[in-house]
Amino acid sequence: MSTLDPVRLIATKRDGGKLSSADIRHLVAAYTAGDVPDYQMSAFLMAAFLRGMDGQEAIALADAMLHSGTVLDLSDIPGVKVDKHSTGGVGDKVSLVLAPLVAAAGVPVPMISGRGLGHSGGTLDKLESIPGFRTKLTLDEYRRQLREIGVVMIGQTDDIAPADKKLYALRDVTATVEFVPFIAASIMSKKLAEGIDALVLDVKSGRGAFMRTEEKARRLAETLVRVGEDFDTKTVALLTDMNDPLGYAVGNWLEVAEAVRCLKGEQVPELTELSLALGAEMLVLGGAADTLREARDRLADLLADGTAFERFCEMVTAQGGDAGVLRAPEHRGRAQSVVEVTASAEQSGWIRGIDSLSVGRAAMDLGAGRHRLEDEVYPLAGITLHVKRGDRVQPGDLLARLHTRTSDLAERLVATVRQAFEIGEQEPAQRPVVIDRLAEGEWDSLRG
């Protein structure tokens with residue numbers, strides 16, 4: 001390997017040039033090892049952000065980050081291992097439903113998840129709102145649980161894609177987070193390191209998503225699928241709507257309780273539909289169903305008869321959590337302070353939309369999320385919506401409940417939450433949860 005010259009690589013990218021795969025791999029390895037300082041890597045990130053990276057550079061970056069640490073080999077565990085990744089949204093508790101549901105259908109699900117930062121909640125924070133639940137397992141424990149019960153949900157370990165940890169922290173403080181090649185490399189390096197055979201992606205678009213426009217979300221989805229294909233990992237992406245919060249609950253324990261209702265067969269708006277859509281893709285990729293229709297029907301049966309819920313309880317118990325609170329989740333929330341938000345006296349009409357970004361930020365301010373990585377999360381904090389888009393309300397009707405430690409904190413956010421509800425005279429048109437589906441060889445047909 002030739003001697004690394006970071007200045008040359010920075011200058012090449014600054015001037016709009018293309019870097020070789022070897023250059024990118026060498027740079028990432030040196031930065032991960034501490035041989036390239038933050039100030040030089042920051043300059044590189046900004047140069048790439050401003051001048052762009054092509055598809056091969058994005059794949060090379062994902063490869064370099066993937067091989068910066070351990071790449072698990074799960075080939076000795078029977079079955080096609082399939083995971084799902086979401087780009088994040090408000091009220092997105094789909095993983096809590098999806099992982100045990102798909103495992104109950106016979107497809108092993110090894111899932112490594114992240115924490116929330118900002119208005120978008122994290123799966124690890126939701127799981128840790130279950131008393132005793134351990135998101136830190138050794139890799140041996142991870143493998144053993146996957147083999148024994150078919151599902152495991154943990155956080156990123158120090159061994160998996162360590163370059164991603166360092167680069168994400170740097171991107172966060174250099175305003176280079178929202179760049180498709182960086183996002184794709186970050187997501188795929190972690191997911192491919194899990195040892196999976198196939199991946200289903202939930203790429204969100206709208207007010208509460210990191211990709212605000214469908215165009216940007218589609219570009220990210222295409223990049224993610226192409227990276228997956230390049231690594232011989234079967235990959236499908238669904239473009240989904242994140243203009244309104246997903247379901248009624250926003251906040252860690254509140255979302256666990258709502259996921260439990262879904263797992264017990266209750267129809268939860270958006271959550272049930274999205275779980276079935278993503279789960280069907282996972283079953284087909286995993287070889288457990290021949291068609292998406294067959295897969296959906298099978299998953300719906302597993303929700304209706306309680307099998308999926310029991311698999312969730314089994315996973316929680318295996319990871320040290322108290323499955324008893326899942327059987328009576330309403331008792332766990334009694335320690336919180338609740339403040340009601342009602343429609344203003346002059347308001348009457350249809351709920352035309354709910355600003356998911358405003359709701360997500362309010363939930364974060366209540367204690368459900370973090371402004372900084374070191375902030376403490378209060379597991380019972382959050383917002384329960386009582387109406388959804390398409391419902392009709394009268395003056396004084398209940399719109400939402402705010403849950404937090406003290407009512408004083410909630411009272412300060414009442415006006416913010418009330419303003420998140422768009423109320424109008426015309427009934428809104430129906431809007432599908434799943435906007436589009438992208439898979440290998442379907443780019444041209446899907447663009448129209």
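# Exercises on a predicted model

Alanine 105 counts as buried because its relative accessibility is 3%, where buried means under 20% relative accessible area, exposed over 50% and partly exposed in between, with a 1.4 Å probe and protein chains only. The structure is a predicted model, in which local features need pLDDT of at least 70 and side-chain atom pairs count only at pLDDT 80 or more, while totals for chains, interfaces and linings use all residues. Residues are numbered from 1 along each chain as its sequence is written, and side-chain values use heavy atoms, with hydrogens and water left out.

**Exercise 1. Describe where alanine 105 lies and which residues it touches.**

Begin with the chain: alanine 105 is in the loop between helix H5 (94–104) and strand E2, given that helices (H or I, at least four residues) and strands (E, at least two) are DSSP runs numbered from the N terminus. Next, look for contacts, meaning heavy atoms within 4.5 Å. Once residues up to four places away in sequence are set aside, alanine 105 touches Leu283, Ala288, Arg298, Leu299 and Leu302. Finally, take a distance: the C-alpha atom of alanine 105 is separated by 23 Å from that of aspartate 73, and these two residues are 32 residues apart along the chain.

**Exercise 2. Is serine 113 buried or exposed, and in which strand is it found?**

Serine 113 belongs to strand E2, which covers residues 109–113. Its relative accessibility is 12%, and therefore serine 113 counts as buried. The contacts of serine 113, without residues up to four places away in sequence, are Thr123, Leu124, Ile154, Gly155 and Gln156.

**Exercise 3. Which members of the largest nonpolar core touch the most other members?**

A nonpolar core is a set of buried Ala, Val, Leu, Ile, Met, Phe, Trp, Tyr and Cys residues joined through side-chain atoms within 4.5 Å. The largest one has 86 residues, and Ile130, Leu326, Ile383 and Phe421 touch the most other members. A second, separate core has 60 residues, among them Ile24, Leu170, Ile196 and Leu201. Returning to isoleucine 130, its contacts beyond four places in sequence include Trp253, Val256, Phe312 and Leu326.

**Exercise 4. What lines the second largest cavity?**

On a 1 Å grid over the protein atoms alone, a cavity is a set of points where a 1.4 Å probe fits but cannot get out, and lining residues have an atom within 4 Å of a point. About 80 Å³ of space lies in the second largest cavity, a volume being the space filled by probe spheres set on the points, which are joined across faces, edges and corners. Its lining includes Leu27, Met41, Phe44, Leu61, Arg171 and Phe182. Helix H3 (38–51) gives the largest share of this lining, three residues.

Methods:
On a 1 Å grid over the protein atoms alone, a cavity is a set of points where a 1.4 Å probe fits but cannot get out, and a pocket is an open set with protein on both sides within 12 Å along at least five of seven lines; lining residues have an atom within 4 Å of a point.
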